[in-house]
Amino acid sequence: MFHKITEATVTIEAPKEEKISADLPVFYNPVMKFNRDVSILLLKAIDNTGMQICDLLAGSGIRSIRFLTELDPKKIRSITINDYDKQSVDIINKNIKANKGKFTDRTADIIVTNKEANTLLHGSTGFDYIDIDPFGTPNPFLDIATRRMSRNGILAVTATDTSALAGTFPKACRRKYWATPDRGPLKHESGLRILIRKVQLIAAQYDKALTPIYSYSKEHYIRVFFRCTKGKTKVDELLKQHGEHNNAGPMWLGQLCDPKLADKIDKLAHGLDYGTDLKFLDTIQEESKINIVGFHDLHALCKKNKLEVPRFEPLFKKIMKKHKLARTHFSDYGIRSDISEKELVKFLKEK
Ligand SMILES: C[S@@+](CC[C@H](N)C(=O)[O-])C[C@H]1O[C@@H](n2cnc3c(N)ncnc32)[C@H](O)[C@@H]1O
């Protein structure tokens with residue numbers, strides 16, 4: 001059942017199954033390589049050094065093992081690799097042993113723990129980077145994780161319950177995320193913004209302001225990296241950026257990505273050679289420059305106005321003479337632009 005699996009720079013043991021589910025004896029999902037690639041790119045791109053890292057829900061340990069192998073030795077002071085599943089912890093230890101020769105820093109403290117995530121965080125003094133990569137919702141871990149975030153630290157959150165966040169189950173979204181989801185073309189962007197607000201509200205109780213610095217939605221999941229700062233005024237300012245959009249929300253209406261960081265991540269990714277989705281990162285980099293909530297979905301707009309979908313490139317050229325425009329990673333048919341819907345329809349009607 002366990003096989004040797006190579007991902008980027010490391011080879012680990014993990015189950016290789018057709019069907020990826022929480023029932024695997026030790027969880028490893030090859031599709032999440034991109035999620036791990038971006039974590040590494042982000043940790044490379046930020047200035048933080050000497051970090052105390054917590055891989056809260058580690059599964060096979062692949063994420064931490066890649067951190068230890070791919071990050072500059074200056075980055076990590078200690079890394080806590082945790083899972084409450086005994087079999088996972090056995091595999092984590094085995095995988096560390098097998099890859100130890102490749103670690104960039106032999107002095108970083110490597111602490112493998114077999115604890116319930118909340119218990120681990122409760123008993124800790126805090127971390128500079130906490131990665132929450134759960135099955136489904138991150139909700140059970142948010143309270144203590146935000147309390148244990150260091151000043152200027154990074155909180156990384158994955159949510160795979162997109163059916164709640166992106167509108168399939170609106171009641172679940174209200175219960176779990178205290179917001180009404182969008183069910184139309186903007187559903188993934190709204191879901192991401194709804195998740196951001198929820199995490200911010202939890203942290204706000206402890207006077208911590210969590211600003212998203214890089215976030216996206218891909219396949220079955222949503223991912224956000226927050227920078228944590230402390231202070232009542234900062235929190236108050238942040239909360240002013242909550243509101244509704246397109247009859248959905250409340251949600252975060254501020255930036256999804258820091259454009260300078262998105263640039264840096266994109267450039268770093270182009271310099272590495274382990275087959276990450278560069279086109280996706282390029283699109284995030286381009287759209288991060290346009291700080292506008294929502295996008296125009298050209299298919300939906302053409303359908304609504306009974307128009308034929310035009311060729312995109314000539315249309316974009318025309319629009320860009322007067323407006324900002326970028327493709328969006330949320331949809332192949334979406335454009336993020338300061339053009340109004342009315343004006344866009346006029347363009348679409350032109351031959
Ligand atoms: C989605 S997997 C993690 C995948 C891993 N981060 C990766 O990149 O491959 C979630 C893991 O969390 C563990 N887990 C779930 N609930 C937990 C809890 N309350 N405390 C500790 N570990 C938990 C599961 O055993 C599982 O291995």
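**Terms and their grounds**

Q: Which residues come nearest to the ligand?
A: Leu57, Gly59, Tyr84, Ala117 and Asp133 come nearest among the 19 residues around the ligand; a residue is near a molecule if its C-beta atom, placed from the backbone, lies within 6 Å of it. The model is a predicted one, in which local features need pLDDT of at least 70 and side-chain atom pairs count only at pLDDT 80 or more, while totals for chains, interfaces and linings use all residues. Numbering starts from 1 along each chain as its sequence is written.

Q: How do the residues of the shell around the ligand divide into nonpolar, polar and charged?
A: The shell holds ten nonpolar, three polar and six charged residues. Here Ala, Val, Leu, Ile, Met, Phe, Trp, Tyr, Cys and Pro count as nonpolar, Asp, Glu, Lys and Arg as charged, and the others, Gly among them, as polar.

Q: Why does Phe312 count as partly exposed?
A: Phe312 has 13 C-beta neighbours inside 10 Å and therefore counts as partly exposed. A residue is buried if 20 or more other C-beta atoms, placed from the backbone, lie within 10 Å of its own, exposed if 12 or fewer, and partly exposed in between. Phe312 lies in helix α13 (residues 312-320); helices are DSSP runs of H or I with at least four residues, strands are runs of E with at least two, and both are numbered from the N terminus.

Q: Why is Glu219 called exposed?
A: Glu219 has 10 other C-beta atoms within 10 Å and is therefore exposed. Glu219 lies in the loop between β8 and β9 (221-230).

Q: What kind of peptide bond joins Gly249 and Pro250?
A: The bond is cis, with omega about 0°. Most peptide bonds are trans. Pro250 has its place in strand β11 (residues 248-252).

Q: Which residues have the most contacts inside the largest nonpolar core?
A: They are Leu42, Ile130, Leu155, Leu165, Leu195 and Phe226, in a core of 82 residues. A nonpolar core is a set of buried Ala, Val, Leu, Ile, Met, Phe, Trp, Tyr and Cys residues joined through C-beta atoms within 7 Å. A second, separate core has six residues, including Phe295, Leu298, Ala326 and Phe330.

Q: Which residues of helix α11 (residues 278-287) are buried, and what do they pack against?
A: Leu281, Thr283, Ile284, Gln285 and Glu287 are buried. The buried residues of α11 pack against β8 (208-218), α10 (259-271), β13 (325-328) and β14 (331-337); two residues are in contact if their C-beta atoms, placed from the backbone, lie within 7 Å.
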